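Please look at the sequence and the structure together before reading on. The paragraphs below are meant to be followed with both in view.

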Amino acid sequence: MLDQVDRAWGRVLEALALGACALIGLMMLMICADVLLRNLPLVAGVDGLAWSNELSETGLYLITMLAAPWLLREGRHIRVDILLRAIPRKAGWICEWIADAIAFACCATVLFYGARATWESYAQNSITIKTLVMPEWWTLAPLPAAFALLAIEVLFRMRRLALGPQAPRDDAVSAS
């Protein structure tokens, strides 16, 4: 049963990663349109897209939040494993457990404080005023959501570690 849930969870994370890819494509189109409109008088009175820089900044943040859980699942995160490869396999496996426990605690902490900041921003009706004016919580909300997803993925990683061989993971292994 949990294997089916794990596979379904993987498909959810893949969909989020595809959403991040779509955002990259949309950002590229928006930036190209901005540059084109700033340099060529295609539309009378339009001198670029004033809001494109702001949306690009937010888009980069959203891309990171959407892709991070999938990257963790795929083992595509940054990982220095030289020590894990130098110590006995069982000790490396224990280190993996410790790292996962720390990762879960960090995700839960960021989730808690991110949710609190988001709620406080919502409750106070805080707004961001730049080129675009919008509620601040809109930009804060993806952070606790992403860290909730990361925390869940860490739990699935721990399950896979428990069911696998008692050795360090093979994901994100260095070339050495």
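Predicted model: local features only at pLDDT ≥ 70, side-chain atom pairs only at ≥ 80, totals over all residues.

Residues are numbered from 1 along each chain as its sequence is written, and side-chain values use heavy atoms, with hydrogens and water left out.

We begin with helix H4, which covers residues 89–123. Helices (H or I, at least four residues) and strands (E, at least two) are DSSP runs, numbered from the N terminus.

Which residues of H4 are buried? They are Gly92, Trp93, Glu96, Asp100, Cys107, Gly114, Thr118 and Ser121. Here buried means under 20% relative accessible area, exposed means over 50%, and partly exposed lies in between (1.4 Å probe, protein chains only). The cover over these buried residues includes helix H3 (82–86), helix H5 (136–140) and H6, where cover is judged by contact, that is, heavy atoms within 4.5 Å.

Glu96 deserves a separate look. Its relative accessibility is 2%, so Glu96 counts as buried. Beyond its neighbours within four places in sequence, Glu96 is in contact with Arg79, Leu84, Leu161, Pro168 and Arg169. With Arg169, the side chain of Glu96 also makes a polar contact of 2.8 Å. A polar contact is a pair of N or O atoms within 3.5 Å; within protein, one must be able to donate a hydrogen and the other to accept it, and residues adjacent in sequence count only if both atoms are side-chain atoms.

The next topic is charge. Side chains of opposite charge can pair when their charged atoms come close. A salt bridge is a side-chain nitrogen of Lys or Arg within 4 Å of a carboxyl oxygen of Asp or Glu, and the structure holds 13 of them. One joins Asp100 to Arg157, with the closest N and O atoms 4.0 Å apart. This pair links distant parts of the chain, since Asp100 belongs to helix H4 and Arg157 to helix H6 (residues 142–163), 57 residues apart. Asp100 is buried, at a relative accessible area of 5%, and Arg157 is buried, also at 5%.

Another salt bridge is formed by Glu153 and Arg160, whose closest N and O atoms are 2.4 Å apart. Through shared partners, salt bridges join Asp6, Arg73, Glu153 and Arg160 into one network. Glu153 is buried at 0% relative accessibility, whereas Arg160 is partly exposed at 29%. In the salt bridge of Arg85 with Asp81, the closest N and O atoms are 3.5 Å apart; Arg85 is partly exposed at 35%, and Asp81 is buried at 2%.

Finally, we turn to the end of H4. Most residues other than glycine have a negative phi, and most peptide bonds are trans. Just after H4, however, Asn125 takes a positive phi of about 55°, although Asn125 is not a glycine. Asn125 is found in the loop between H4 and strand E1 (127–129), and with 63% relative accessibility it counts as exposed.
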